[in-house]
Amino acid sequence: MDTNGLKTDKTAYFAQTTSGMDMDGLIRAIRHKNLGIRWRAALALGDIGEPAVKPLIRALKENDHDIRWLAALALGRIGDAAIPHLILALAEQDHDIRWHATRVLAGIGEPAIQPLIASLREEDGDVQWRSAFALSLIGEPAVEPLILTLKDKLWWVRVRAIWALGEIGDRRAVEPLIQSVNDLDWYVRWTAADALGKIGDQRAVACLGKALKEPDSFVQVPATWALGKLGSSAPVETLIQSLDNSDWYVRWGAADALGNIGDIRALESLQKLKNDKDEYVRRAAEEAGAKIQKKAKTQPPDIPPDQ
């Protein structure tokens with residue numbers, strides 16, 4: 001019998017059951033071959049709080065994925081005190097570390113909102129998107145702070161905030177996003193139109209109808225997608241006119257939206273695109289026509305009023 005091995009196991013087990021009195025022992029225990037010991041060590045480190053943050057951040061960089069996962073678990077239990085270190089971890093070269101940091105920050109919730117909004121201003125695009133993703137996972141508590149961020153002077157901050165609001169889907173964001181469709185930056189306008197489509201509030205229809213007349217196709221097309229998601233028949237005539245646009249991207253987007261709306265008025269114009277010079281437009285028009293015809297067949301016939 002290997003008494004040395006047994007002694008080592010008992011030492012590690014004792015270390016992780018001493019209510020955090022032995023920090024070094026707990027850090028060693030989180031690397032133990034026994035998963036149960038690892039798990040209990042992680043819980044104990046989480047209960048210690050702030051003094052355990054830096055060792056856990058180091059453990060988050062281990063090659064062993066189980067150790068990383070348990071370190072993230074402990075950091076989540078610590079909460080607020082771990083936030084600044086987790087924000088820094090968003091910029092690590094290792095994407096797995098970034099993912100763990102994002103997940104833990106989202107789990108911490110409301111206390112992480114302002115630090116995450118601040119990190120939207122980082123020049124690292126991946127840090128920006130991970131911060132926005134964490135904010136979207138936090139959800140409702142992040143809505144008002146994100147709405148305030150729509151006035152930020154940096155275009156990429158506005159874009160990330162708009163994307164997060166679209167993912168959250170809270171209707172409080174509709175009016176501010178309608179204003180963002182008129183933003184000076186085309187990427188902001190594009191993202192705002194797409195977010196409005198995700199939220200699905202009919203208040204956006206008039207604004208998106210105006211966006212269809214934008215000279216920039218990168219604004220027109222998201223507006224068409226959004227209108228297609230909203231399912232409103234209000235802009236059908238404008239969308240039909242867009243089928244004659246010289247830009248294939250606009251024709252494609254308009255055809256896709258008309259198919260999603262399903263208004264029979266668009267069928268004739270869509271059929272004219274069967275000979276369009278662009279393959280994507282031809283395919284979109286064909287699929288849209290099929291959707292409209294299917295919807296027409298499944299709709300109940302109009303019942304005339306009683307005479």
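A residue counts as buried when its relative accessible area is under 20%. In this predicted model, Asp263 has a relative accessible area of 15%, so Asp263 is buried. Asp263 sits in a loop, the one between α17 (248-261) and α18 (267-271). A polar atom of the Asp263 side chain lies 2.9 Å from the backbone nitrogen of Arg265.

The next stop is helix α3, which covers residues 35-48. How far apart are its end C-alpha atoms? They are 20 Å apart. The buried residues in α3 are Ile37, Arg38, Ala41, Ala42, Ala44, Leu45 and Gly46. An α-helix has 3.6 residues a turn, so residues three or four places apart point the same way. After α3 comes Gly49, and its phi is positive, near 95°.

On the α11 side, the contact is made by Trp155, Arg158, Val159, Arg160, Ile162, Trp163, Leu165, Gly166 and Glu167. On the α13 side, Tyr187, Val188, Thr191, Ala192, Ala195, Lys198 and Ile199 take part. What kinds of residues make up the contact of α11 with α13? They divide into 10 nonpolar, 2 polar and 4 charged.

Definitions and conventions. Residues are numbered from 1 along each chain as its sequence is written. This is a predicted model: local features need pLDDT of at least 70, side-chain atom pairs count only at pLDDT 80 or more; totals for chains, interfaces and linings use all residues. Side-chain values use heavy atoms; hydrogens and water are left out. Helices (H or I, at least four residues) and strands (E, at least two) are DSSP runs, numbered from the N terminus. Buried means under 20% relative accessible area, exposed over 50%, partly exposed in between (1.4 Å probe, protein chains only). A polar contact is a pair of N or O atoms within 3.5 Å; within protein, one must be able to donate a hydrogen and the other to accept it, and residues adjacent in sequence count only if both atoms are side-chain atoms. The expected span of a helix is 1.5 Å times one less than its number of residues. Contact means heavy atoms within 4.5 Å. Ala, Val, Leu, Ile, Met, Phe, Trp, Tyr, Cys and Pro count as nonpolar, Asp, Glu, Lys and Arg as charged, and the others, Gly among them, as polar.
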